[in-house]
Amino acid sequence: MNLLQSYQSGLSSYDEVLDMSGNIKPHWKALFSTLEKLGIDELKNRNQEIINKLRENGVTYNVYGTPDGLNRPWQLDPIPFLIEQKEWNGIAKGLQQRATLLDMILRDLYGPRKLVKDGIIPAELVYDNTGFFRPCVDLKLPASRQLTLFAADMARGPDGQMWIVDNRTQAPSGSGYTLENRVVMSKLLPELADGMYVSKLSPYFNSVQNTVLRLSDKSKDAPNIVYLTPGPNNEAYFEHAYLASYLGYTLAQGDDLLVRNGCVWLKSIDGLQKVDVIIRRIDDDWSDPLELHEGSRLGVPGLLQAIRMGNVQVLNPPGTGVLENHAFLAFMENISMYFLGEKLRMPSVATWWCGHAKELNYVMEHIDELIIKKANRKTRFRSIYGRLLSFNEKEELKRMITQRPHEFIAQQEVSLSTTPSLIDGNIVPRYAALRAFMVADENGYHVMQGGLTRSSPVKDRFVISNQHGGLSKDTWIVSDKTEELQEKITLPNLAAVNKHISLPSRSAENLFWVGRYCERAMSIIKFMNTTINVLNLDRNFGGPAKQEHIKVLLQSLTHLSATYPGFLEEEDPLADPYKEIIDLISNTARPGTVSANIGLFLNAVGAVRNQWDLEIWRIVDLVDNGFHEIRNASTMNSNNIQKTLDGLFNNMFTFLGVIAESMPRDNSFLLLETGKLIERILSRISVIQSNFGVKNAQAVENELIEATLINHHLLVNYRQIYKSHLSVEAMLDMVLLEKTLPYSLVYMVDELKKNLTKLPTTTRGKRLNDAQKFVLQASTLIKLADISDLSKCNADSERVELFNLLSEVSRLISSVSTNLTNMYFSHTLMHHSFFEPADYDTDEI
């Protein structure tokens, strides 16, 4: 039995593979023929490659309230969802009609409200609708269509036709995941498309860009377009960052924007930048804490007034969530006849609003056949399947409905179609639904030639939401040959692109700390591995006479990581050093440890994920893997600990190397590099001070010199110059003053000085700002230092001049960091007093 026959034998309901006569659809037959050639084992291998690729690419969908909630990998079924082009053309017309109709409803509800006045819909659908906001009545886009972006959830009904089951109008999610699914499938399973033509997704995104440009300030060659996200903790943050990068827009959070003089401004390190268009991915009521949800920390205070004044365009305008009320589905046929004089091309799932007595009676009598939902989407209420309830549960549900009938709707529970899915290594039928995406253009609505299909992982259950474990699929609109006339969308003016993408202050701050946390973790790992090597060598092979230098190194490790008291309070640090070392590696709750710093690094990297290309993100994935390993350091032996630390160090070194080779030399790069240099300077100063602030016996100092040279990547250079002769004076000359060595203090400080001169400054003309003055002072102090004097000790064996010089340089460099924060990052703090915790509704995928 081949794969297709095996699949058919498991069908128990209408399936996408079959037409209404029960025959195999041609394109599904072609797909199964390719799958047969590929073989189920190879398909499973490719599926694992897809899993790996999505993880490497950092494709995530965050799920709240679960152990793996943040950064949960996106799930993609390797078997695509197929719709024949001719059928899709009909579906697209139905979708365009639905979008046009919803746009007319939106304009009516925030305008004359004829639908209510003429009795087409009950007043409760407007005035008792949690999505209807009176402050949004006078918000208008300068376009004929107010509903610019729209998504519809569809599934195939028992009549073989696609039915619309839900509308997404506030800030539709999923188009970015749709694009990523296509990219991954085209790379890892290209042969599945043999013998068919699959329509492209790119015209839809071109149309989005075209529409956004038409809405922007026509007088500007380079309008400032912002993609507004709730932030890294949002479930679809990957998509926000992905689309902002793909479309070339600035990714920003609410606190990155402010309203001044009726305009919206982006707080960037170049100063305030006027914003022309905002693509909104936060819910309506969280958009403006001054007029909507006063506890919102996600929106922009004063945004609604800026929209009213016509100084910024927002897609979609706040207030569009009114259309997501489930009860509208019960009235769409009448609304279509009222506005368009025509019947719906695509039916909705049969829906009853319980606010009418006749419909309420029907629901009470047929509750076993129905799914009960709250009319308002924002009400926390999971759908209830009447057939699954006991007698007492049904009576309780009926009582709840009759108490407030206008709050409830009921929908017919129908057998929707299944589609082939790879589950546990077998191709089996599973329920599926498709989300289609539309954007308003000059001709009406442009429908994406594809969409986001989601299938249920559970047999005979319609669980498709990714929040509840649903799988995604690439959606193929297929035909035997390409259309002769492919739709082409061209941008009206090639100059109308962002010539200079503003860097929001929040992003700037995160980039700065990406550099700092990366270098901080690497510095601790490098010195820790050096210390472990010395510890293993001398404890096991050197005997007790050679262990004084190990105490110094262990205490230096505590100073470097600032994990006090650490090795400083122990009378005998060598009694059980590995206990403290393992804690220094694995304890995420202890500030300064390796794992704590890598966790902070990963958070900072994730907060600006739109800055990274795939090569960098794959390295971040390797760092993340190492992060999970070192948290279990207590179960590893010394050799495995060092191997894991080496791997982490090498991957983070590679991260910096790829950035150095590929990242544009713009403000993003300069801030990351500046953060790295500040941390590198401070960490090297800490090691030199701790190891040589006090003079030790010559044998001990020789060991400390070698460890310090290794830590500075200078041991080979030192041996080439000085052979086997070890001297504190020669070592200090090299690590402090050698201008050609990247880890010497003078080199790092001079590089920092160069970076600061390239960053934006508010000082007039050629004057130095405070940060530049601090670095100049530090550089001058180092260059004027006399190595002979620095090497000398007082009567108490203290190298006072060395210690004081390094302390002052450390203070100056720390002041640089503080000054940069005040200059570029300080206005990322909240500027209004709404601090209630945010618990906002989400646009689930």
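## Buried residues, sheets and cavities

User: Asn 755 lies in helix α24 (residues 745-758). What makes that stretch a helix here?

Analyst: It's a DSSP call: helices are runs of H or I with at least four residues, strands are runs of E with at least two, and numbering goes from the N terminus. Bear in mind that this is a predicted model, where local features need pLDDT of at least 70, side-chain atom pairs count only at pLDDT 80 or more, and totals for chains, interfaces and linings use all residues. Residues are numbered from 1 along each chain as its sequence is written, and side-chain values use heavy atoms, leaving out hydrogens and water.

User: Why is Asn 755 called buried?

Analyst: Buried means under 20% relative accessible area, exposed means over 50%, and partly exposed is in between (1.4 Å probe, protein chains only). Asn 755 comes in at 7%, so it's buried. Its contacts (heavy atoms within 4.5 Å) include Leu 670, Glu 673, Thr 674 and Leu 677, with residues up to four places away in sequence not counted.

User: And Gln 642: buried or exposed?

Analyst: Gln 642 has 11% relative accessibility, so buried again. It sits in helix α19 (residues 638-662) and touches Asn 529, Ile 532, Asn 533 and Asn 536, again skipping residues up to four places away in sequence.

User: How do you know that helix α23 is largely enclosed?

Analyst: By counting: 7 of the 10 residues of α23 (residues 728-737) are buried, so the rest of the structure largely encloses it. Those buried residues are Val 728, Ala 730, Met 731, Leu 732, Met 734, Val 735 and Leu 736.

User: What makes β13 count as mostly covered?

Analyst: For β13, 5 of its 5 residues are buried. In a regular strand, side chains alternate between the two faces of the sheet. In β13, Leu 370, Ile 372 and Lys 374 are buried on one side, and Ile 371 and Lys 373 on the other, so both faces are covered.

User: How do you know which strands β13 pairs with?

Analyst: Two strands pair if DSSP finds at least two bridges between them. β13 (residues 370-374) and β15 (residues 408-412) share 5 bridges and run antiparallel, with Lys 374 opposite Phe 408. β13 and β14 have 2 bridges, also antiparallel, and Ile 371 has Tyr 385 as its bridge partner in β14.

User: What is the strand order in that open sheet?

Analyst: The order is β12-β15-β13-β14, with antiparallel pairing. β12 (351-353) and β14 (384-385) are at the edges because each has a single partner strand, so one side of each has no neighbour in the sheet. Helix α12 (residues 357-365) lies across β12, β13 and β15, at about 120 degrees to β12. Such angles run from 0 to 180 degrees between N-to-C directions, using axes fitted to C-alpha atoms, for helices over the stretch in contact.

User: Why are β6 and β11 called edge strands?

Analyst: They belong to an open sheet of 4 strands, β6-β5-β10-β11, with parallel pairing. β6 (250-252) and β11 (313-315) each have a single partner strand, so one side of each is left without a neighbour. Neighbouring strands here are turned by 25 degrees against each other on average, direction ignored. β5 (residues 225-228) joins β6 through 3 bridges, with Tyr 227 partnered by Leu 251. Helix α9 packs on this sheet, touching β5 and β6, with its direction at about 150 degrees to that of β6.

User: What makes a space a cavity, and how many are there?

Analyst: On a 1 Å grid over the protein atoms alone, a cavity is a set of points where a 1.4 Å probe fits but cannot get out; lining residues have an atom within 4 Å of a point. Points are joined across faces, edges and corners, and the volume is the space filled by probe spheres set on them. That gives 10 cavities of 30 Å³ or more.

User: What lines the largest cavity?

Analyst: That cavity holds about 180 Å³ and has 16 lining residues, with Leu 149, Ser 175, Tyr 204, Tyr 227 and Leu 243 nearest its centre. α8 gives the most, with 3 residues. The lining splits into 13 nonpolar, 1 polar and 2 charged, where Ala, Val, Leu, Ile, Met, Phe, Trp, Tyr, Cys and Pro count as nonpolar, Asp, Glu, Lys and Arg as charged, and the others, Gly among them, as polar.

Terms used. 1 Å grid on protein atoms, 1.4 Å probe; cavity = no way out; pocket = protein on both sides within 12 Å on 5 of 7 lines; lining within 4 Å.
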